[in-house]
Amino acid sequence: MGICRDSRHKRRETGGRRQSIHKKRKFEMGRQPAMTKIGDKKVAIVRGRGGNSKFRAQRLETGNFSWGTENCTRKVRILDVNYNASNNELVRTKTLVKGAIILIDAHPFKEWYQSHYGRAIGVKKGTKGDVVAKKGSDHVTRKIAKRQKAEKIEQALDDQFVGGRLFAKITSRPGQSGRCDGYVLEGPELQFYKRQMLKK
């Protein structure tokens, strides 16, 4: 066994050496990191303690991402890895891990917004932002008109929709669950990560 998760080999808080009273045990075993990359989906099943299964994602290309303020979740394509607070090497190698800031395809959210509010989003300056109204019942027309009164979108997010890409954060653990899920960045959190990316 190479990787071990025990603490017997570590020094005491005061700096003294600990005497190891037994050898390595299988229940203290660790495994190699998954280092999940962007590509055609490939997930390996690993048997864990107690016969439980772990789903080790080696490559992933899609994930479920939620847009919090609009209460909307869509399956979208993962395009790129942009920032990782723990290690820049994981950005260079485009490794998907929990907490990484990635770029996702904005089109599924854009289509939902247009059908929900009846108005285009992420429109370049100088062009009209109205969607061609679909023929619907009077009830649907009134419902969309009511939604438009409460409609509000952050400018920073709207600018991202113009480019067709959104910044998102991964909240699942691809090497444990075999999935890459997360949420779209917005508000102060989006501003914070934009500043962090400029520092690099």
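Before counting anything, I jotted down the rule for strands: two of them pair if DSSP finds at least two bridges between them. I also reminded myself that this is a predicted model.

**Entry: β4 and β9.** How many bridges join β4 to β9? I found two, between β4 (residues 62–67) and β9 (residues 182–184). The two strands run parallel. Looking across from Phe65, I landed on Gly182 in β9.

**Entry: the barrel.** Next I followed the strands around. They make a closed barrel of five, in the order β4-β5-β7-β8-β9, and the pairing is mixed. From one strand to the next, the twist averages 50°.

**Entry: helices on the strands.** Which strands does α4 lie across? I noted β4, β8 (165–170) and β9 for this helix, residues 155–163, and it runs at about 115° to β8. Then I checked α6 (residues 187–199), which lies across β5 (72–83), β7 (101–105), β8 and β9. The angle of α6 to β8 is about 95°.

**Entry: α2 against α3.** Two packed helices are described by the angle between their axes and the distance between the axes, so I looked up both. Helix α2 (residues 107–117) packs on α3 (residues 138–150) at about 115°, and the axes are 8 Å apart. That angle makes α2 roughly perpendicular to α3.

Who meets whom? On the α2 side I listed Ser115, His116 and Tyr117, and on the α3 side Ile144, Arg147 and Gln148. Sorted by class, this contact has two nonpolar, three polar and one charged residues.

Technical notes. Residues numbered from 1 in each chain as written. Predicted model: local features only at pLDDT ≥ 70, side-chain atom pairs only at ≥ 80, totals over all residues. Heavy atoms only, no water. Axes fitted to C-alpha atoms, helices over the stretch in contact; angles between N-to-C directions. Helix = DSSP H or I, 4+ residues; strand = E, 2+ residues; numbered from the N terminus. Parallel < 35°, antiparallel > 145°, perpendicular 65-115°, else oblique. Contact = heavy atoms within 4.5 Å. Nonpolar A, V, L, I, M, F, W, Y, C, P; charged D, E, K, R; others polar.
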